Amino acid sequence: MEKDNAKKIVFSGIQPTGSFTLGNYIGAVRNWPLLQDEYNCIYSVVDQHALTVRQDPATLRKRTYEAFAMLLASGIDPEKSMLFVQSHNPIHSQLNWILACNVQYGELTRMTQFKDKSAKHPENINGGLLTYPVLMAADILAYNAAVVPVGIDQKQHVELARNIAQRFNSVYGETFVMPEAISPKVGAKIMSLQEPTKKMSKSDENLNATILLSDDKDAIMRKFKRAVTDSDGEIRYDVENKPGVSNLMGIYNVFTGKSFEEIEKEFQGQGYGVLKEAVGQAVVDGLAPIQGEYNRILSDKAYLEGVMKDGAMKAQRYSQRILDKVYRKVGFVQLKNK
Ligand code: TRP
């Protein structure tokens, strides 16, 4: 991390809720290792964010290990990047408070995700749900991250982080770097295999709709075979009129690197069955090495905890400098030799 100070800082986080899906992988996790050479990357399993929805403690703990192992298996190299669990660095919570005092209630209630989630869970509109984006801003600003890879649904939160940073800077003087959201062009949204106008989701009740990273070969092939397409029989990329076929082509594109034009040519005159089989096989082959690594890493708790500890120390050391500066700027008394 400290190696190259000229590189921009990347920060992103993933919640340890639910099993990882092909959608999470393609939309987020797969892209993270690709940034490791160009940027100084900081990645976190954001367990504190997960608490905005009621969690079973044992399950949350298990999924935190799983998410961490998945990030390692996907190619995040703890020698190159910082990788840690959010609750292992208390500075996020400390900065959260300062930022919370620099955001307006109206800005928070206006967030699309807050509106959606509170409509969906009227029985648990807790304070954390409202202030969720403030903690997210703290995640980003605690490291002065310039680049924040997120799905499209999180862009509004990064926008709010910018507004908070800007406001803080104008009140207290230049402190924070303005973060910018980036989203992957391809595969930003992988759709349900059963209802291809809906996002692939781990909470889908239809088990055939979602490919889990833990699915074995048979399950993957079976789900692709049952994928919903359309009745015109032509293999052509057209999201509007052929969402099912286009989704399959999008997944195939990610795993083979072939363009949509090439894919159309490859399957010209062939039926959907052939396409489904090929996409299934490409996914099976593409995921196999990651799944192998994942199982190996997950069974080695001592190794996992060692990496967590090391990551937490690096994250704390790095963000402490920024927190100290913020505390000084807002007027907190600084004790020497603390
Ligand atoms: N809110 C993000 C999501 O649900 C996860 C997240 C938390 C995050 N903190 C972050 C992403 C900071 C980017 C930067 O996907």
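Start by selecting Phe11, Phe84, Tyr143 and Tyr318, which form one aromatic cluster. Here, rings of Phe, Tyr and Trp (its six-membered ring) pair if their centres lie within 6.5 Å; planes under 30 degrees apart count as stacked, over 60 as edge-to-face and the rest as tilted. You are looking at a predicted model, where local features need pLDDT of at least 70, side-chain atom pairs count only at pLDDT 80 or more, and totals for chains, interfaces and linings use all residues. Residues are numbered from 1 along each chain as its sequence is written, and side-chain values use heavy atoms, leaving out hydrogens and water.

**Stop 1: the aromatic rings**

Across the whole structure, a search finds nine aromatic pairs. Zoom in on Phe84 and Tyr143: the ring centres are 6.0 Å apart and the planes meet at 45 degrees, so this pair is tilted. Phe84 belongs to strand β3 (residues 82-85) and Tyr143 to the loop between α7 (127-141) and β4 (147-149), so the pair ties together parts that are 59 residues apart in sequence. Helices (H or I, at least four residues) and strands (E, at least two) are DSSP runs, numbered from the N terminus.

Is Tyr143 buried or exposed? Tyr143 is buried, with a relative accessible area of 0%. Buried means under 20% relative accessible area, exposed over 50%, and partly exposed in between (1.4 Å probe, protein chains only).

Tyr318 sits in helix α13 (residues 301-330), 175 residues apart from Tyr143.

**Stop 2: a charge over a ring**

Keep Tyr318 and select Arg321, which lies over the face of Tyr318 at 5.3 Å from the ring centre. A charge sits over a ring if NZ of Lys or CZ of Arg is within 6 Å of the ring centre and within 35 degrees of the ring normal.

**Stop 3: salt bridges**

A salt bridge is a side-chain nitrogen of Lys or Arg within 4 Å of a carboxyl oxygen of Asp or Glu, and the whole structure has 14 of them. Select Glu107 and Arg167, whose closest N and O atoms are 2.8 Å apart. Glu107 is in helix α5 (residues 105-109) and Arg167 in helix α8 (residues 155-172), so this bridge ties together parts 60 residues apart in sequence. Glu107 is buried at 10% relative accessible area, whereas Arg167 is partly exposed at 27%.

Finally, stay in helix α13 for Asp310 and Lys314, four residues apart and separated by about one helical turn. Their side chains meet in a salt bridge (3.3 Å, N to O).
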